[in-house]
Amino acid sequence: QVQLAESGGGSVQAGESLKLSCTISGTDNSPYAVGWFRQAPGQEREGVATFYTIPRLSFYADSVKGRFTASRDDAKKSHYLQMNALKPEDTGMYYCAADYKTHCNDGGNCPTPDYTNWGQGTQVTVTV
């Protein structure tokens, strides 16, 4: 059974950095994609980053573009979200999710991920 576990959250001041980790267990396969999401109290869940493993491509929400970077360590089967220049509006519970079922087709078209495996989340709090 595939399990995802986030870590690295915490409380920081605006302008500081955090690096979140998403460790995957229960499989030796690489996911099609790993997504990072966040949810602030009273708000809907928001996608902040998508990391495709093959080819290695990353996409970011406009709100985090240029500040957040998604990456993967193949040896550790872990994914990371480096968050720099944090703002109070970045506060929320951060989740990683993985898609192991979708594939790019022979024509090179890569569908939107369908995330079926989710972690429990890690809290990020940014104060002024």
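**Aromatic contacts, cores and sheet of the predicted model**

Phenylalanine 37 is buried, its relative accessible area being 14%, in a model that is predicted rather than experimentally determined. A search of the whole structure returns 5 aromatic pairs, and one of them is formed by phenylalanine 37 and tryptophan 118, with 4.9 Å from centre to centre and 45° between the planes, a tilted arrangement. Because phenylalanine 37 belongs to strand β4 and tryptophan 118 to strand β10 (residues 117–118), this pair ties together parts that are 81 residues apart in sequence. The rings of tyrosine 115 and tryptophan 118 also pair, and since their centres are 6.3 Å apart and their planes stand at 70°, the pair is classed as edge-to-face. Tryptophan 118 itself is partly exposed, with a relative accessible area of 29%, whereas tyrosine 115, at 15% relative accessibility, counts as buried because the limit for that class is under 20%. Elsewhere, ring pairs link Tyr32, Tyr52 and Phe59 into a cluster.

Charged side chains are also placed over aromatic rings. Arginine 45 lies over the face of phenylalanine 37, at 5.6 Å from the ring centre, and the charged end of lysine 19 sits over the ring of tyrosine 80, 4.7 Å from the centre of that ring.

Tyrosine 80 is in strand β8, where it stands opposite serine 21. Strand β3 (residues 18–25) and strand β8 (residues 78–83) run antiparallel and are joined by 6 bridges. Both strands belong to an open sheet of 4 strands, in which the order is β1-β3-β8-β7 and the pairing is antiparallel. At the edges of this sheet are β1 (3–7) and β7 (68–73), each of which pairs on one side only, and neighbouring strands are turned against each other by 15° on average, with direction ignored.

In soluble globular proteins, nonpolar side chains tend to be buried together. In the present model the largest nonpolar core has 24 residues, and Trp36, Leu81 and Met83 are those with the most contacts inside it. At least two residues of this core are supplied by each of β3, β4 (33–39), β5 (46–52), β7, β8, β9 (92–99) and β11 (122–127), and the largest share, 4 residues, comes from β3. Apart from this core lies another, of 6 residues, which includes Tyr32, Phe37, Ala97 and Tyr115. When residues up to four places away in sequence are not counted, methionine 83 touches Glu16, Ser17, Leu18, Leu20, Arg67, Phe68, Tyr94 and Val124.

Most residues other than glycine have a negative phi, and most peptide bonds are trans. Against this background, the peptide bond that joins isoleucine 54 and proline 55 is cis, with omega about -10°, and proline 55 is found in the loop between β5 and β6 (57–60). A positive phi, near 50°, is found for lysine 77, which is placed in the loop between β7 and β8 and counts as partly exposed at 25% relative accessibility. Alanine 85 likewise has a positive phi near 50°; this residue lies in the loop between β8 and β9 and is partly exposed, with a relative accessible area of 37%.

Methods:
Residues are numbered from 1 along each chain as its sequence is written. This is a predicted model: local features need pLDDT of at least 70, side-chain atom pairs count only at pLDDT 80 or more; totals for chains, interfaces and linings use all residues. Side-chain values use heavy atoms; hydrogens and water are left out. Two strands pair if DSSP finds at least two bridges between them. Axes are lines fitted to C-alpha atoms, for helices over the stretch in contact, and angles run from 0 to 180 degrees between N-to-C directions. A nonpolar core is a set of buried Ala, Val, Leu, Ile, Met, Phe, Trp, Tyr and Cys residues joined through side-chain atoms within 4.5 Å. Buried means under 20% relative accessible area, exposed over 50%, partly exposed in between (1.4 Å probe, protein chains only). Contact means heavy atoms within 4.5 Å. Rings of Phe, Tyr and Trp (its six-membered ring) pair if their centres lie within 6.5 Å; planes under 30 degrees apart count as stacked, over 60 as edge-to-face and the rest as tilted. A charge sits over a ring if NZ of Lys or CZ of Arg is within 6 Å of the ring centre and within 35 degrees of the ring normal.
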